[in-house]
Amino acid sequence: IQFPRRIVEEQDGFDTLDITVTTVQPNTPVALPVPANVASAAAAPEAPMATIEKVSEGLWSVNAANTRSLAVEFADHIVMLEAPTSDARSVAANEVVRKTVPNKPIRYVVNTHAHYDHAGGLRQYVAEGITVITHESNKAFFETAWARPRTIEPDALSKSPRAPVIETVDDKRVLSDATHAVELNHLANHGHHTAQLIAYLPKDGILMYGAGYNPPAGDDPRTPARGPEFAVQLVEAVERLKLAPERIAPVHGRVVPYENLKIAFGISKPQLTE
């Protein structure tokens with residue numbers, strides 16, 4: 001029987017699977033049952049529902065596919081902070097934003113980092129000719145990934161290919177006009193992703209980020225299942241950059257007071273009232 005003694009799979013030049021075969025037994029019965037959670041899983045909806053909530057004047061929180069982004073209204077355009085999950089999610093989010101803020105085009109989309117759950121919806125923006133803003137270390141990766149053919153599930157970009165317009169951030173960049181300002185800062189050496197950006201909106205006292213602390217439902221801000229290291233790094237960056245957030249707007253969670261993040265991991269003690 002001829003059979004490979006070693007099987008190696010690669011993705012982007014990196015080994016993702018390396019198996020050494022020591023024995024081969026022909027005609028051996030094999031049972032491959034479908035896992036119960038897979039067999040009972042409901043089909044994903046074709047088009048996710050998107051809801052929009054006003055956070056402050058000219059600032060909107062968009063919730064779709066269990067992830068959130070922010071729409072920032074400038075004088076003559078919209079800046080979207082984050083395009084998570086999928087292109088279908090981006091379509092739904094952009095539709096609700098355009099209905100809420102008509103006559104202002106979406107000109108930019110800011111990407112916090114290149115993990116799939118934060119960058120999975122960027123291709124839709126590229127297909128629409130919207131400029132992507134990301135850290136400079138992510139640019140080559142996105143350009144390479146988006147230039148590849150996509151034939152199994154063709155999307156808008158694969159059907160009408162176009163080169164992405166990408167603008168980058170090194171340490172800091174500010175988007176501003178008379179109505180709003182968005183400060184983009186690089187979280188250098190962050191443990192979750194080394195090319196990660198956070199967005200601070202001084203007028204609104206809002207800190208928006210991709211990873212660090214996911215506020216749970218209910219009144220208790222603590223998340224015992226998660227380690228504190230990413231949240232601690234985030235708080236350290238806020239203090240180093242001399243930011244003064246009153247609220248946080250995480251991609252994986254609702255808008256809550258900034259103090260919740262510090263209480264959740266013992267960085268700050270809750271204030272008790274009688």
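Helices (H or I, at least four residues) and strands (E, at least two) are DSSP runs, numbered from the N terminus. The model is predicted, local features need pLDDT of at least 70, side-chain atom pairs count only at pLDDT 80 or more, and totals for chains, interfaces and linings use all residues. Residues are numbered from 1 along each chain as its sequence is written, and side-chain values use heavy atoms, with hydrogens and water left out.

**Exercise 1.** Find which element gives the largest share of the lining of the largest pocket, and describe how that lining divides by residue type.

*Solution.* Begin with the term itself: on a 1 Å grid over the protein atoms alone, a pocket is an open set of points with protein on both sides within 12 Å along at least five of seven lines, a cavity is a set where a 1.4 Å probe fits but cannot get out, and lining residues have an atom within 4 Å of a point. Next, take the space in the largest pocket, which is about 230 Å³. Then look at the elements: α3 (116-119) and α5 (139-147) each supply at least two lining residues, and the largest share, 4 residues, comes from α5. Finally, sort the lining into 7 nonpolar, 2 polar and 3 charged residues; among them are Asp12, Thr85, Tyr116 and Trp146.

**Exercise 2.** Describe the backbone and the exposure of Thr85, and then do likewise for Asn189.

*Solution.* Start from the general rule that most residues other than glycine have a negative phi. Thr85, in the loop between β6 (78-81) and α2 (87-100), has a positive phi of about 75° although it is not a glycine. Asn189, in the loop between β11 (181-187) and β12 (196-201), also has a positive phi, near 60°. For exposure, apply the cut-offs: buried is under 20% relative accessible area, exposed is over 50%, and partly exposed lies in between, with a 1.4 Å probe and protein chains only. Thr85 has a relative accessible area of 32% and is therefore partly exposed, whereas Asn189, at 67%, is exposed.

**Exercise 3.** State how many cavities of 30 Å³ or more a search of the whole structure finds, and which strand gives the most to the lining of the largest cavity.

*Solution.* The search finds 1 such cavity, and the space in the largest cavity is about 40 Å³. Among the residues that line the largest cavity are Ser61, Arg68, Met208 and Val255. Both β5 (67-73) and β14 (247-250) supply at least two lining residues, and β5 gives the most, with 3 residues.

Technical notes:
Points joined across faces, edges and corners; volume = space filled by probe spheres on them. Nonpolar A, V, L, I, M, F, W, Y, C, P; charged D, E, K, R; others polar.
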